[in-house]
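The exercises below are meant to be worked with the sequence and the coordinates open side by side.

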Amino acid sequence: MVEAAKGKTHGNIQDGDTLSPTDIEANMSTEVALTVLDVLELFVHHHKKQLLLDDGQNVLMKKVLDTYLLFFQINQSTATLRHIFAGLRLFVQKFPSAFFQGKADLCGCLCYEILKCCNHRSSSTQTEAAALLYFFMRKNFEFTKGKSIVRSHLQVIKAVSQLIADAGIGGSRFQQSLAIINNFANGDAPLKNTPFPAEVKDLTKRIRTVLMATAQMKEHEKDPEMLVDLQYSLANSYASTPELRCTWLESMAKVHVRNGDLSEAAMCYIHISALIAESLKRRGYWRADKARMSSVSPEESPVYNCSSLLTSSRDQDTSFSMGWAAFMCISPNVKEEGAMKEDTGTQDTPYTEDTLVEQLELCVDYLWKSERYELIADINKPVIAVFEKRRDFKRLSELYYDIHRSYLKVTEVVNSEKRLFGRYYRVAFYGQIAGFFEEEESKEFIYKEPKLTGLSEISQRLLKLYSDKFGADNVKMIQDSNKVNPKDIDPKFAYIQVTYVVPFFDEKEEQDKRTDFERHHNINRFVFETPFTLSGKKHGDVEEQCKRRTILTTSSSFPYLKKRIQVVEQQSTEMNPIEVAIDEMSRKVSELNQLCNMEEVDMIRLQLKLQGSVSVKVNAGPMAYARAFLEEKNAKKYPDNQVKLLKEIFRQFAEACGQALNVNERLIKEDQLEYQEEMRAHYRDMLTELSGIMNEQLHKSVHAASTSSLSNSSLSTLSKTDSSHKTTRNGTAQRLLNGQ
């Protein structure tokens with residue numbers, strides 16, 4: 001063989017020259033590789049029938065292809081690679097069904113190795129690899145009779161994603177190979193008037209998108225919000241290919257888990273489940289069950305109805321067979337999964353009902369971890385239908401027990417404020433001329449921060465994050481919540497404005513959303529308030545203090561796939577001084593009533609609110625409003641309807657304080673009796689002054705309430721009275737105070 005290797009190159013050597021050991025080894029390696037290739041092609045020729053068994057989905061086919069691909073996994077000469085590419089073209093020509101129908105494993109393995117060669121340092125090998133990949137896609141198009149190249153499209157993208165991690169592709173050599181593929185498509189005259197050239201162009205464009213997004217991800221590894229935004233963008237670009245979208249949604253879930261954002265991780269798995277359900281629906285996965293049901297003979301029907309438990313087969317339209325719509329009760333955001341295009345990747349996915357059930361089990365796991373117990377039953381109910389149909393009573397017992405545990409947990413924590421669902425902040429970015437923020441420039445986002453994250457904490461985190469990116473001297477924080485005019489800020493700097501916001505509810509939502517969970521689930525409107533005076537100062541006396549209420553609407557609802565969502569709408573209203581007083585006093589009444597009507601009263605919070613309401617030392621707030629707007633000489637300055645409303649709120653305030661004192665008396669021990677009497681004295685003083693200001697005797701009716709225990713029915717009546725007078729903004733202001 002050595003002689004053969006010498007002879008192979010003898011014609012290229014001048015007389016007197018000798019081959020170096022390196023040249024001999026190179027030639028021998030090429031000769032061995034070509035010999036193995038010849039033997040492999042002879043084997044394929046003589047065993048074609050066995051290789052075609054089950055449309056090429058057999059063990060022998062896999063072994064033959066693995067042998068071909070082994071050539072790419074061991075360094076080969078350029079000459080050898082040229083012959084291997086030619087051999088593979090012939091192999092694909094003979095056995096297209098092995099690659100373009102059935103399982104996609106063989107197709108994926110071949111795409112991976114070809115794409116690796118598209119990044120080869122030899123330009124001739126790059127061209128050969130690009131030509132083979134184009135030939136492969138062309139055969140896919142022909143195999144589907146001109147419909148699409150879904151199989152090769154999907155596997156190429158998956159291979160690119162793998163190679164980014166394995167081999168670091170994406171440089172100029174790889175980009176050149178993509179250009180060669182596009183040139184082949186544009187110059188292929190027989191297919192010029194078909195969808196094929198456009199599909200090839202779309203594929204190469206998507207490959208570039210993946211490469212660009214991956215490069216950006218590496219740049220933003222330490223920026224969790226931007227990293228997830230990029231992954232989300234990539235997932236959206238594959239709305240037509242469920243398997244790839246799922247891959248990126250799973251990647252987002254892993255980032256959330258790593259950062260401790262478990263609610264967002266749960267939402268990722270819910271979206272994956274909705275996507276799988278929609279994919280199965282489009283494929284007609286459940287139609288077979290319906291067909292079998294409709295074919296049941298009348299004689300068999302009594303057996304079908306023998307148990308009321310086994311009803312899921314008849315009620316499939318109420319669960320998974322609805323596709324993504326089955327998950328709308330959990331999150332309105334899942335409607336994104338209905339954007340899947342027909343006749344694309346939906347027919348080439350490996351999903352089954354079992355796949356869906358597995359994803360839902362992951363959902364439940366993260367709902368437990370994120371303490372969103374109320375959703376566990378909604379997730380398990382459609383899964384119960386599956387196991388009822390299968391008569392899997394063991395699994396059914398486990399699912400019902402899981403639901404039982406979740407409701408016990410809800411009973412334990414509902415309205416206890418033991419669960420911390422997070423806080424919300426409006427974050428705005430400015431820095432257009434310097435080009436600091438790029439896509440984020442002049443945009444506002446609502447950030448969901450974990451548990452009790454304070455304003456200073458998120459401000460410091462963002463300041464450090466962007467200082468590391470742009471330099472500490474180039475980043476400044478805007479300390480107030482006023483509207484920013486880009487013309488008024490220095491264009492040389494990057495500015496970040498952070499404002500604490502709370503969920504906003506209209507009057508109906510205030511009544512409907514009673515629990516902590518309901519107030520932190522499926523919310524997309526937020527509010528913050530900015531104090532100002534007509535003189536230009538931020539704060540002034542109560543007679544001149546105004547405030548601006550700004551309501552922000554986000555593009556999606558929290559919790560979501562991301563922990564920050566862009567603001568798409570903003571509404572602002574301004575309140576004059578008496579309206580500010582009405583709003584603040586309504587909030588105080590609402591807070592006192594809420595504390596008094598809790599099943600387990602928080603005595604510490606109740607006493608703090610009482611001190612702030614009746615104590616002479618700190619009652620400047622309530623009584624200052626009364627003096628400024630209800631004294632006869634001042635009341636004439638304001639509209640009668642607003643003065644009357646404020647008076648009614650003060651009556652409620654006096655009654656609520658009496659109720660709170662009575663509740664506190666029932667809770668305290670002997671060591672706090674003196675404190676209680678002191679509070680009562682302050683309360684009587686407040687009533688005396690308030691009666692003089694309002695020209696009516698408040699103490700007679702309210703004093704009785706303060707000296708005797710209020711019955712449960714009285715508490716209920718008072719609560720209802722308060723609710724009937726409470727405006728939407730009052731509840732909002734209450735939550736603002738709690739957050740501050």
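**Exercise 1.** Which residues are buried in α27?

Solution. The model is a predicted one, and in its helix α27 the buried residues are Tyr 675, Gln 676, Met 679, Arg 680, His 682, Tyr 683, Met 686, Leu 687, Leu 690, Ser 691, Ile 693 and Met 694. As a next step, the length of the helix can be checked: α27 covers residues 673–694, and at 1.5 Å a residue its 22 residues should span 32 Å. The C-alpha atoms at its ends are 31 Å apart, which agrees with that expectation. Finally, the residue that follows α27 is Asn 695, and its phi is positive, near 60 degrees.

**Exercise 2.** Determine how Phe 91 and Phe 99 are arranged as an aromatic pair.

Solution. A search of the whole structure returns 25 aromatic pairs. In the pair formed by Phe 91 and Phe 99, the ring centres are 6.1 Å apart and the planes make an angle of 80 degrees; because an angle over 60 degrees counts as edge-to-face, the pair is assigned to that class. Turning to accessibility, Phe 91 is buried at a relative accessible area of 1%, and Phe 99 is buried at 0%. Both rings also belong to a cluster, linked by ring pairs, that includes Tyr 68, Phe 95, Phe 100, Phe 136 and Phe 143.

**Exercise 3.** Identify the rings over which the charged ends of Lys 369 and Arg 405 sit.

Solution. For Lys 369, the charged end sits over the ring of Tyr 366, at 4.7 Å from the ring centre. For Arg 405, the ring is that of Trp 368, and the charged end lies 4.4 Å from its centre.

**Exercise 4.** Describe the surroundings of Glu 250.

Solution. Glu 250 is located in helix α13, which comprises residues 242–259, and it counts as partly exposed because its relative accessibility is 29%. Leaving aside residues up to four places away in sequence, Glu 250 touches Ile 272 and Gln 359.

**Exercise 5.** How many disulfides does the model contain?

Solution. A disulfide requires cysteine sulfur atoms within 2.5 Å, and by this rule the count is zero. Cys 111 illustrates the reasoning: the closest cysteine sulfur belongs to Cys 107 and is 4.1 Å away, so the two are too far apart for a bond. Cys 111 is itself buried, with a relative accessible area of 0%, and Cys 546 is buried at 5%.

Methods
Residues are numbered from 1 along each chain as its sequence is written. This is a predicted model: local features need pLDDT of at least 70, side-chain atom pairs count only at pLDDT 80 or more; totals for chains, interfaces and linings use all residues. Side-chain values use heavy atoms; hydrogens and water are left out. Rings of Phe, Tyr and Trp (its six-membered ring) pair if their centres lie within 6.5 Å; planes under 30 degrees apart count as stacked, over 60 as edge-to-face and the rest as tilted. Buried means under 20% relative accessible area, exposed over 50%, partly exposed in between (1.4 Å probe, protein chains only). A charge sits over a ring if NZ of Lys or CZ of Arg is within 6 Å of the ring centre and within 35 degrees of the ring normal. Helices (H or I, at least four residues) and strands (E, at least two) are DSSP runs, numbered from the N terminus. The expected span of a helix is 1.5 Å times one less than its number of residues. Contact means heavy atoms within 4.5 Å.
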